[in-house]
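Work through the exercises below with the sequence and the 3D view open. Try each task before reading its solution.

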Amino acid sequence: MGLLESLSMLLLLMWLCFLPRLGSSQLVDSSLGAARALDAVLQDYAYRVFARPRTGVVYDGDLPLNLTGIKVSAMRLRSGSLRARGVPLYKEFQIPFGVVEQPYAERLVLVYQNLGNWSARYYSLPGYMYLTHVVGLLAYDASNLSATNLPELDIRASGQPISIRFSDVKPAPVGSSAMCISFDLKGSVNFSSVLLDNICTTFQQGHFSMVVESIAPSPAPPGGPPKETPVPAGKGKKNKSKVWIIVGSVTGGLVLLFLLGLLIAWVGKYKRRKKIQQMERAAEVGEALHMTRIGSTKAPAATVTRTQPTLESEYVP
């Protein structure tokens with residue numbers, strides 16, 4: 001039955017993989033492309049501050065006038081030092097020990113971003129309002145400090161998560177609760193709960209902020225009747241679609257498990273029937289015993305006696 005158990009686990013895992021992931025969404029391609037282009041520009045200006053860099057020192061970069069409002073900083077670290085000691089405080093970020101990067105780099109640069117009033121432009125989030133600016137933390141190889149358009153290193157916390165303590169947080173509207181939001185480098189958007197003191201956590205690099213659902217209606221023009229807040233087209237249908245997807249996935253999973261149970265029962269019955277047939281065939285091909293009648297009872301009798309009985313007197317010389 002080991003094969004059947006493996007088959008059932010495989011089918012169950014496939015069903016779970018097709019369930020919809022709640023609490024996450026995706027940036028549109030245009031927004032993701034603009035955000036990734038900005039990351040490349042900010043990496044270039046962050047590396048320009050390294051004239052004579054010292055390890056573990058934060059250097060603030062200078063940006064052109066067309067990026068006024070955005071802040072960028074850079075800090076060079078040894079990979080072993082980051083993994084063994086972490087970084088107690090780097091702007092809003094607190095990095096614990098145990099952070100590792102892939103691929104390995106002897107030295108790396110942590111580039112900090114604060115998008116300021118550009119946050120909603122590069123990370124548009126319809127239906128939500130930002131309570132803080134979007135801040136970012138990205139890692140790059142430090143072997144060539146004059147390089148541009150570098151690919152990011154993949155850094156991840158292996159133990160405790162990286163903490164982000166936000167400052168200058170706008171108060172959430174009455175009846176609303178703030179949420180942490182994170183954008184990874186592939187455009188995935190994930191929501192999580194806010195901890196005490198406006199702290200959010202993450203296990204990987206990316207961009208982060210605090211948001212709240214924008215449920216307040218738009219103010220009516222003076223002297224005119226109040227207008228209802230228009231509902232975005234397709235939003236209600238999208239929510240209903242998610243509900244039906246969940247219901248359909250659960251129902252399909254139950255049906256799949258039921259059919260899998262029938263399959264296991266049928267295979268077990270088939271194996272038992274096969275075993276009985278093998279036993280019957282073995283009985284048929286065996287040697288038949290000769291029967292003899294003793295009174296009114298039949299009993300098996302041997303046809304040949306291998307050793308004939310002899311009297312002891314026959315061996316007398």
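The exercises cover confidence, the disulfide, and aromatic contacts.

This is a predicted model, where local features need pLDDT of at least 70, side-chain atom pairs count only at pLDDT 80 or more, and totals for chains, interfaces and linings use all residues. Residues are numbered from 1 along each chain as its sequence is written, and side-chain values use heavy atoms, with hydrogens and water left out.

**Exercise 1. Find how confident the prediction is over the chain.**

Start with the score: pLDDT is the predictor's confidence in each residue, from 0 to 100. The chain average is 81. At least 70 is reached by 72% of the residues. Next, look at residues 12-23, where the pLDDT is below 50. Beyond near neighbours in sequence, this stretch has 14 contacts in the model (heavy atoms within 4.5 Å). Where pLDDT is low, predicted coordinates should not be read in detail.

**Exercise 2. Locate the disulfide and describe its setting.**

Apply the rule: two cysteine sulfur atoms within 2.5 Å. The count is one disulfide. Cys180 and Cys200 form it, with sulfur atoms 1.9 Å apart. Now read the angle about the S-S bond: it is -85 degrees, and the link is left-handed. Then place the ends. Cys180 is in strand 12 (residues 179-183) and Cys200 in strand 14 (residues 199-202), 20 residues apart. Helices (H or I, at least four residues) and strands (E, at least two) are DSSP runs, numbered from the N terminus. Finally, check accessibility. Buried means under 20% relative accessible area, exposed over 50%, partly exposed in between (1.4 Å probe, protein chains only). Cys180 is buried at 3%. Cys200 is buried at 3%.

**Exercise 3. Classify the aromatic pairs Tyr123-Phe183 and Trp266-Tyr270.**

Set the cut-offs. Rings of Phe, Tyr and Trp (its six-membered ring) pair if their centres lie within 6.5 Å; planes under 30 degrees apart count as stacked, over 60 as edge-to-face and the rest as tilted. The structure holds ten such pairs.

- Tyr123 and Phe183 are 4.8 Å apart centre to centre, with 45 degrees between the planes: tilted. Tyr123 lies in the loop between helix 4 (119-122) and strand 8 (128-130), and Phe183 in strand 12, so the pair ties together parts 60 residues apart in sequence. Tyr123 is buried at 4%, and Phe183 is buried at 1%.
- Trp266 and Tyr270 are 5.6 Å apart centre to centre, with 15 degrees between the planes: stacked. They are four residues apart in helix 5 (residues 235-284), so about one helical turn separates them. Trp266 is exposed at 54%, and Tyr270 is partly exposed at 41%.

**Exercise 4. Which residues form one aromatic cluster?**

List the members: Tyr47, Phe50, Tyr59 and Tyr140.
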